[in-house]
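Here is a short briefing to read alongside the model.

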Amino acid sequence: MAWNPNEYRVEKKNYAATKRIPIGILEDISSSTADVREIINRAMEKLIKKLKETPNFQKSVDLLVIFFNGEAEVKVNFEPLENVEPDQLMIAGVIGYTDTGRALLEALRLLEEKKKEYKANMIEYWQPKLFLLTDGYPSAWLGAPDSVGKEIEERYMMAAKEIRQLEEKRKLSFAAAGIQRQGGASANMSKLKELGDHIVCVSEGLSGMNRIESFFELIGATVLDTETPMEQIIHHLF
């Protein structure tokens, strides 16, 4: 379902450009995402272009984008939206295994640094929103030592604990989408739900299921209507 804010919003909110909106997006680029790479790229491009249509958002949104597999690559580190071009955020290739916890912990660290920067400069900000898209679960490469797998699992558990604590304190809003397939790799939804309560399924091949693009529409919707709780927007879209 395409996001239509006029369907239930009472009025369009014009946020002052001085109040920042920190948004983090984490994208799985492990080898199993090869078949959806271009779909994700198109959805990201559409999101950036859509947000840039509103001049205030160009100056108020601070964007963090991390690509992750066994490593976490920061593509954009809280750049103002006006400085970000879609070409910067295109996935060129996919490879490797899935260390989700590493990426989440890096995102949480950068979020905390950004909030300290806001406070030090007396800049008003909305509490951060963090989004994760994956088709797998935290795992090491085939034949990796048990110790590596244990470290990956521990990082995931640490990230899950921190996310839930921040959400309980209303210091963060978190949502994740697990990509599902008829055959082959699919996200482990029960594992993904360890991270938080706002977890959805998406697919490009299963009928009756929201598409990957719907998740990017969710991201856009939370920016367009910052005051509406995440769960309300998810309920509307999913």
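A residue counts as buried when its relative accessible area is under 20%, as exposed when that area is over 50%, and as partly exposed in between, using a 1.4 Å probe and protein chains only. By that rule, 51% of the 238 residues of the protein are buried. Please keep in mind that this is a predicted model, in which local features need pLDDT of at least 70, side-chain atom pairs count only at pLDDT 80 or more, and totals for chains, interfaces and linings use all residues. Residues are numbered from 1 along each chain as its sequence is written, and side-chain values use heavy atoms, with hydrogens and water left out.

**Overall fold and dimensions**

- The protein contains seven helices and six strands; helices (H or I, at least four residues) and strands (E, at least two) are DSSP runs, numbered from the N terminus.
- Their order along the sequence is β-α-α-β-β-α-β-α-β-α-β-α-α.
- Along its principal axes, the C-alpha trace spans about 55 × 45 × 35 Å.

**Contacts, surface and charge**

- A contact means heavy atoms within 4.5 Å. Of the contacts with a separation of 6 or more, 74% join residues 24 or more positions apart.
- The accessible surface comes to about 11,500 Å², and 49% of that belongs to carbon and sulfur atoms. Accessible areas come from the Shrake-Rupley method with a 1.4 Å probe, and for residues only the protein chains shown count as cover.
- There are 31 positive and 37 negative charges, and their mean positions are 3 Å apart. Lys and Arg count as positive and Asp and Glu as negative, while His and the chain ends are not counted; each charge is placed at NZ of Lys, CZ of Arg, CG of Asp or CD of Glu.

**Helix α3 and what follows it**

- The end C-alpha atoms of α3 are 31 Å apart, in agreement with the 30 Å that its 21 residues should span at 1.5 Å a residue. The expected span of a helix is 1.5 Å times one less than its number of residues.
- Buried residues of α3 include L104, L108, L111 and Y118, and also the lysines K114 and K115.
- The cover over the buried residues of α3 includes the strands β1, β2, β3, β4 and β5, along with helix α4.
- M122 comes after α3 and has a positive phi, near 55°. It sits in the loop between α3 (100–120) and β4 (129–134), and M122 is exposed, with a relative accessible area of 77%.

- Helix α6 (residues 212–224) has 13 residues and reaches 19 Å from its first C-alpha to its last, close to the expected 18 Å.
- Twelve of the 13 residues of α6 are buried, so the helix is mostly covered. Among them are F215, F216 and E217.
- M209 lies in the loop between β6 (199–202) and α6, and counts as partly exposed at 28% relative accessibility.
- Leaving aside neighbours within four places in sequence, M209 is in contact with Q180, C201, V202 and S203.
- T226 is found in the loop between α6 and α7 (230–237). T226 is buried, with a relative accessible area of 8%, and its C-alpha atom is separated by 7.7 Å from that of W126, 100 residues apart along the chain.

- F78 is in strand β3 (residues 72–80), where it is buried with a relative accessible area of 4%.
- The phi of F78 is near 50°, a positive value in a residue other than glycine.
- M90 lies in the loop between β3 and α3, and is partly exposed, with a relative accessible area of 22%.
- Not counting residues up to four places away in sequence, M90 touches N41, M44, E45 and F67.
- M90 and A176 are 86 residues apart in sequence, and 20 Å apart in space from C-alpha to C-alpha.
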